[in-house]
Amino acid sequence: MQKQNMSFLRKVKKIVFFLGSLFLLIAFTLIYAIFDYYFKDARQEQFEQMAVSAKNLFNMKVQEKQKSLSFQLDQMLHKENLAQAVFSKEHEKIKSIVAPFYEDLKISNEDIKILTFRSKENTTLYRAHKPEFYNDMLDQKRKIILDTNSLMRSFSGFEVGALEVTYRVTKPIFYKEEYVGSVEIGLDPKNILKDLSSLFKTDIGVAISNSFLDVMLEKSIVYIGDRHFLISGNRELEEYFSNHDKKSHRYRVDTSLALTNHLNEKLGFLVLGFNFLQDSKGFMERLFISIVIVIGFLSAVLLFSFYKAVQYFKDNICVKEPNGSFDADAKSAKIIQNALKKNRVIPYFQPVVDSDGKIVKYEALMRIVDLQKKEQNILSPHKFLNESIKSELYISLSKDMIRKSLHFFSNRDEKISINFLPNDLFNLIIMDEFVQEIKKFDSPQRVVVEITEKECVQNFSKLLQIVKKLRALGVLISIDDFDNSYAQYMHILAIKPDYIKIKGHLVQNLLKDDNAKNLIQSIVKLAKESGIKTIAEFVEDKETFDALKKYDIDEFQGYYFGHPTDLINNQ
């Protein structure tokens with residue numbers, strides 16, 4: 001009987017092993033298929049968003065450059081005796097006046113390629129970028145200069161030269177009310193988006209129409225279809241267009257950004273290449289982690305009751321949505337537009353203290369001042385953020401917050417912490433604004449970028465790239481809402497932030513919940529072992545502060561130390 005039972009048990013084990021293996025194989029295949037489908041779809045959506053953002057950023061930058069270069073030329077043309085020197089065609093005199101101006105201009109505008117003076121007869125009088133070459137006649141295909149001379153007015157637009165395409169601004173020159181010549185200044189269009197490469201893996205090239213083949217002196221070119229050819233770009237772009245099978249999901253190219261001349265005629269386009277190779281690597285890592293978690297979950301289902309398994313799933317795997325929702329009665333876009341127009345987007349700053357209660361940092365929080373009812377009403381983000389996103393005003397709000405916060409803290413000793421929504425990190429315009437402001441900031445190590453990590457899980461590999469680039473700028477990284485879940489723990493190991501903020505509900509429940517105490521202790525232990533500082537937020541009374549200090553937490557934030565305040569207007 002005992003032998004029969006043993007035989008029966010062996011058969012049962014084989015059947016269970018076979019069915020379990022089959023079940024896990026099916027689950028593995030299904031998970032892989034779902035992730036592969038989702039990943040390709042998400043990558044296409046991300047590519048489209050980045051292409052649109054790049055186009056908007058480029059057009060915005062071109063407008064800024066046009067205004068800036070036009071202003072610089074006006075300033076230069078007001079220099080004493082310059083117009084007379086052009087009238088007299090005195091090369092050396094023009095050089096003595098313009099050369100110092102050009103050197104100063106190049107310091108603040110590295111992307112400037114040319115600065116050329118010509119007579120009204122189209123003879124080159126002086127090239128600041130190549131002062132040894134002058135007295136040559138203008139190529140008759142140079143429309144922007146020909147039109148400047150014939151119409152005696154300023155123009156701006158892209159133009160094809162012998163070696164490259166540049167964005168040019170021209171100005172007529174008058175001496176004693178007589179037209180005597182013109183000046184043009186030009187810059188490399190690729191450099192207009194050069195800051196993209198500081199945050200995103202972006203390849204930038206220029207393609208122009210085949211009709212300019214006889215103008216260019218480029219020896220090796222790569223054709224793009226039948227009508228255009230690539231004149232400047234890197235190996236990745238050249239390989240992409242040389243390869244007739246362009247179905248790779250890892251490299252995407254956008255060619256929708258047209259380069260037009262001063263007559264709004266299309267000369268070619270800017271080529272943007274986005275490399276998603278790192279995303280593919282990140283996809284496999286996420287897939288592996290997900291499969292391990294799912295296998296563990298399925299094993300739990302086989303070992304425990306349905307109710308216990310569901311509770312485990314809810315308590316340990318599910319990422320819950322933040323409590324509360326945006327106000328259904330959010331203020332209209334008109335209030336937001338009015339706030340932007342009248343400079344009523346105000347950063348409020350909440351102090352962060354050390355264990356001695358000394359303020360070491362401030363967190364910047366967005367507020368809007370509403371004066372429509374003849375009395376000041378301070379609006380918190382939950383009253384306007386959702387509306388600003390729907391009306392596409394959020395980017396302007398974010399840029400305003402970044403500028404004002406960093407400018408105010410540029411002359412202070414404390415650190416400044418700036419919050420970014422998950423999509424902000426992948427928005428080219430917002431991040432370009434941040435990069436530009438950080439370049440002006442004397443000590444980037446006093447700037448803390450605060451990331452809500454759990455909402456970035458879907459783009460985690462891209463998040464790692466952004467974090468790496470942010471660190472290269474010198475800023476610090478903080479992870480918000482940390483509760484020591486398994487998924488967050490893995491991400492913390494990968495990101496290696498400078499700070500982690502303990503989730504607010506743990507701090508609020510510290511004095512009445514042993515589980516909250518244990519979680520806070522484990523978080524601090526993890527942080528200490530990893531060399532990461534901890535921050536406890538939502539500290540609202542002395543009892544909580546005293547209890548937290550016993551756990552060796554580094555910094556503290558909450559109403560006990562101070563409410564968010566308008567420091568800018570109350571200093």
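**Definitions set against values in a predicted model**

User: Which residue is the bridge partner of Tyr 223 in β8?

Analyst: In β8, Phe 229 is the bridge partner of Tyr 223. The model is predicted, so local features need pLDDT of at least 70 and side-chain atom pairs count only at pLDDT 80 or more, while totals for chains, interfaces and linings use all residues. Residues are numbered from 1 along each chain as its sequence is written, and side-chain values use heavy atoms, with hydrogens and water left out.

User: What makes β7 and β8 a pair of strands?

Analyst: Strands pair if DSSP finds at least two bridges between them. Three bridges join β7 to β8 (residues 228-232), and the two run antiparallel. Three meets the requirement of at least two, so β7 and β8 are paired.

User: In what order do the strands of the sheet with β7 stand, and which are the edge strands?

Analyst: The order of this open, antiparallel sheet of five strands is β7-β8-β6-β10-β9. The edge strands are β7 (222-224) and β9 (251-260), each of which pairs on one side only. Neighbouring strands are turned by 35° against each other on average, direction ignored. Helix α5 (residues 235-242) lies across β6 (202-209), β7, β8, β9 and β10 (266-275), at about 95° to β9. Such angles run from 0 to 180 degrees between N-to-C directions, with axes fitted to C-alpha atoms, for helices over the stretch in contact.

User: Why is one side of β2 and of β3 left without a neighbour in the sheet?

Analyst: The open sheet β2-β1-β5-β4-β3 has five strands with antiparallel pairing. β2 (124-127) and β3 (156-160) stand at its edges with a single partner strand each, so one side of each lacks a neighbour in the sheet. Within it, β1 (residues 112-119) and β5 (residues 178-187) pair in the antiparallel sense over seven bridges, and Thr 116 stands opposite Glu 184 in β5.

User: Which strands of this sheet does helix α3 touch, and which does helix α4 touch?

Analyst: Helix α3 (residues 91-108) packs on the sheet against β1, β2 and β5, its direction making about 160° with that of β1. Helix α4 (residues 143-151) touches β1, β3, β4 (165-175) and β5, and its direction makes about 155° with that of β5. Contact here requires heavy atoms within 4.5 Å.

User: Why is Thr 170 called buried?

Analyst: Buried means under 20% relative accessible area, with exposed over 50% and partly exposed in between (1.4 Å probe, protein chains only). Thr 170 has 0%, so it is buried. This residue lies in strand β4. Leaving aside neighbours within four places in sequence, its contacts include Ile 144, Thr 148, Phe 155 and Glu 184.

User: How do you know that Lys 361 is buried, and what polar contact does its side chain make?

Analyst: Its relative accessible area is 2%, which is under 20%, so Lys 361 counts as buried. The residue is found in strand β12 (residues 359-370). A polar contact is a pair of N or O atoms within 3.5 Å; within protein, one must be able to donate a hydrogen and the other to accept it, and residues adjacent in sequence count only if both atoms are side-chain atoms. The side chains of Lys 361 and Glu 555 make such a contact at 2.8 Å.

User: What makes Met 431 count as buried?

Analyst: Met 431 has 1% relative accessibility and therefore falls under the 20% limit. This residue belongs to helix α11 (residues 428-440); helices (H or I, at least four residues) and strands (E, at least two) are DSSP runs, numbered from the N terminus.

User: Why are the buried residues of α16 said to line one face of the helix?

Analyst: In α16 (residues 542-549), the buried residues are Thr 544, Phe 545, Ala 547 and Leu 548. Seen down the axis, they fall within an arc of 165°, so they line one face; the arc is that of the directions from the helix axis to the C-beta atoms. They pack against β11 (345-354), α14 (504-508), α15 (514-530), β18 (533-536) and β19 (555-557). Asp 541 caps the N-terminal end of α16, with a side-chain oxygen 3.4 Å from the backbone nitrogen of Glu 543.

User: How many of the 571 residues count as buried, as a percentage?

Analyst: Of the 571 residues, 47% count as buried. The protein has 16 helices and 19 strands.
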